[in-house]
Amino acid sequence: MKTLRITFPYMGNYVHAFRGLLEDLGYEVVMPVKPSKRTLDLGVKYAPEFSCLPYKIVLGTYLETLPKGVDRIVTSGGVGPCRAGLYASLHEKILKKLGYQFEMIVLEPPLVDLKGFYKTVQHLNYKNYSLWYIYKTIKRNWRKIKALDTVEQKALFLRPRELTKGSVSARYKEVLQYIINAYSEKEIAEAEYEALKELEKVPVDLNRLVVKVGMVGEIYVLLEPSSNFEIEETIGHLGAEVKRSMFLTGWTRDNTMPGKSEDLLSVKDAAKPYLPELIGGHGQDSIGNAILYIKQGFDGLIQLAPFTCIPEIVARTILTRISQENNFPILTFFLDEQTGKAGMETRLEAFIDLLKRKKLHKLEKAEKGGKLNGTLSWN
Amino acid sequence: MVNMAAPTVGIARTLNYYAYFPFWSGYFDTLGLKTILSPPTTKEILDQGVKDALAEACLPIKLFFGHIASLKKKVDYLFIPRIVNLNKKTVYCPKFLGLPDMIKYSYDDLPPIIDIRVDNRTFHDGLLIASLKLATKLGFSKLKGVKAYQEGLKRQQLYENLLAKGYLPINEVNVKKPKHFSVKSPFKIALLGYPYLVYDNYINFKVLEFFNQNEVQILTAEQVPLAVRKQYAPFTNKKRVFWTFSDRVLSSFQYYLKNVPDLKGIIHLTAFGCGPDFIVDRIMEIDAGERQIPYLTLTIDEHTGEAGLLTRVEAFLDMIKRKTRSEVSQ
């Protein structure tokens, strides 16, 4: 049987887990290249003008990989009302009009249509591996995703505390390879352990006072650093710790939430008083997570959204009030192909600066006469 | 006798207005409540909306904010129902789903908002139940609620029949004295877009009147009844679009494409920043192109000028006339 060539959209470090999964299913994987200026330019050229940034980047990615020879594209679907659920169909229409021949396979959420999901999985499994084998390979690669998330979170924690600027990012890039190269669950666990250990060797000042910034918004611009100009790294270097509300594994959230009953509020419940309706995308999550971050004593919030993303526009409108009522600074970026890194950095600098002043002021008030514990890093 | 103390209910003359006002007018009339509409869109209303709404919001949201701002001091209640689903299949664009919340958290001096949720997919939020709930909340009996609901349905049906006949509700939805019909002409253009753009004569620079003057017959999405539209799958045979108004535009587009042999062209009227429309627009552009039907996208924003817009429409009509002439002479 001919070995089929397959590709998929680029999304953060997770591509390495997707690759492993598809290789185990007997495919030759055509790896999508990390999105660059060229990727976006290609996407902008062929995408509708008002499509959102993720749509353009993913289209650009396909346009870069399809000329290498691809039989199948596999991607995610969705049932709305967020537009992303229709992206695959429209990507297919546009790419086929451009003359490319391939098969688009869309994985719809299994909870909505379990039978359909099973059929798609069986279709993907063209070499007819046993269900047990598929289960094992999914389990193994899910473990890999977890490891990737854990190590990334460690880097987010360490970055604002590093003694030499850039040392965490440099080390992080290296140790990521341990996990990428690991295959079995045992190897992945060992790689994760080693990676964390290595990261911890980077000299840091744990007593340094850093501000904590929550990050909410639309999933693609949150998870794919090239779509947000590596905002997390920038924030880290400005001396702030980022807590991203979304990882591919919901697992992280369970591990970061304190056990107090008040804090066990779910994201949805937290959002309800302000936005009782599921509005598609991650609009309701953005609201809910904002409330949770406030309860957990965060210093500020950043919302990332593609330009014209309606769920995030609804969320932003409500976040303005939440910000006022709680005296909680919130900064929103609506990202499109016109967004520039320099402009974004300037706004971030001012924002983090404001958070630091606020925190210092609060601490001084709390410890009137007493000695401040730690020093605030102004970098 | 008119009860002077009867509370007034404010309804914005945009978004859902052009689609569902007959139902709500029948409903509130039967309850004896007075509905007060915001005036037809003006420059002031639009400017106010642009000022009050988020800069990144789409034009229709800004427009809605402007209409609410013009109403809020004049009424006892603001009626902003959370319409999620009516046809059991598609939902409304996310902005409709978050509409009452957006308004609630943007203005400080608001009268109470009636934000009743309507979702015909679930029993407890269906239109009938929602109508009953609202009636009892306003202090009426359930029986009165049922009567109001029935009157609403009656008027809505009347309205949809008028639409199917070619009635165009320009700036005003009035089932008792319908006024606007498109001219009958062999020169037929489908003007597709959401009702709050197509029928709002300020926002679209009176493009409907322009067509009437030029003896062009206009076909709109609302003129194809739901029962007919249902048979036209609008997407690549795999999925329908999720949103009710988008589904309406796409399925009527498919209907016109296949059933009106003398269709001269298609114009898609869309608003700047409209989320769903980039999908709708590209599908129609590709499909119309395959059938060699002239296709024009008109995007409106708060800076669009009348001359610019109508010039493009004129050029489009000229192009079609030239094309028709050369086809005839061949």
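Some ground rules. This is a predicted model, where local features need pLDDT of at least 70, side-chain atom pairs count only at pLDDT 80 or more, and totals for chains, interfaces and linings use all residues. Residues are numbered from 1 along each chain as its sequence is written, chains are lettered from A and ligands numbered from 1 in the order written, and side-chain values use heavy atoms, without hydrogens and water.

Domains, then. In chain B, the UniProt annotation "domain: DUF2229", from an unreviewed entry, covers residues 8-223. UniProt positions are in the numbering used here, feature names are shortened, and annotations may be inferred rather than shown by experiment. That stretch of chain B is 43% helix and 13% strand, with its end C-alpha atoms 32 Å apart. Helices (H or I, at least four residues) and strands (E, at least two) are DSSP runs, numbered from the N terminus. In chain A, UniProt lists residues 11-73 for "domain: DUF2229", again from an unreviewed entry. Here the chain is 52% helix and 6% strand, and the end C-alpha atoms are 14 Å apart.

Next, the helix pair. At what angle do the axes of H2 and H3 of chain B cross? Roughly 110°, and the axes come within 7 Å. Axes are lines fitted to C-alpha atoms, for helices over the stretch in contact, and angles run from 0 to 180 degrees between N-to-C directions. That makes H2(B) roughly perpendicular to H3(B), a label for 65 to 115 degrees. Contact means heavy atoms within 4.5 Å. Residues in this contact include B:Ile45 and B:Leu46 of H2(B), and B:Leu59 and B:Phe65 of H3(B).

Now the backbone. B:Asn171 has a positive phi of about 60°, yet it is not a glycine. Look for B:Asn171 in the loop between helix H7 (142-164) and strand E7 (188-192) of chain B. B:Phe205, also not a glycine, has a positive phi near 55°. B:Phe205 lies in the loop between helix H8 (195-198) and helix H9 (207-213) of chain B.

Last, the interface. The contact takes 43 residues from chain A and 40 from chain B. Together the chains bury about 3,500 Å², 72% of it on carbon and sulfur atoms. Buried area is the accessible area (1.4 Å probe) that two parts lose on being put together, summed over both. A:Phe50, A:Leu86 and A:Lys93 supply 19% of the area chain A buries against chain B, more than any other three residues.

How values were computed. Angles under 35 degrees count as roughly parallel, over 145 as roughly antiparallel, 65 to 115 as roughly perpendicular and the rest as oblique.
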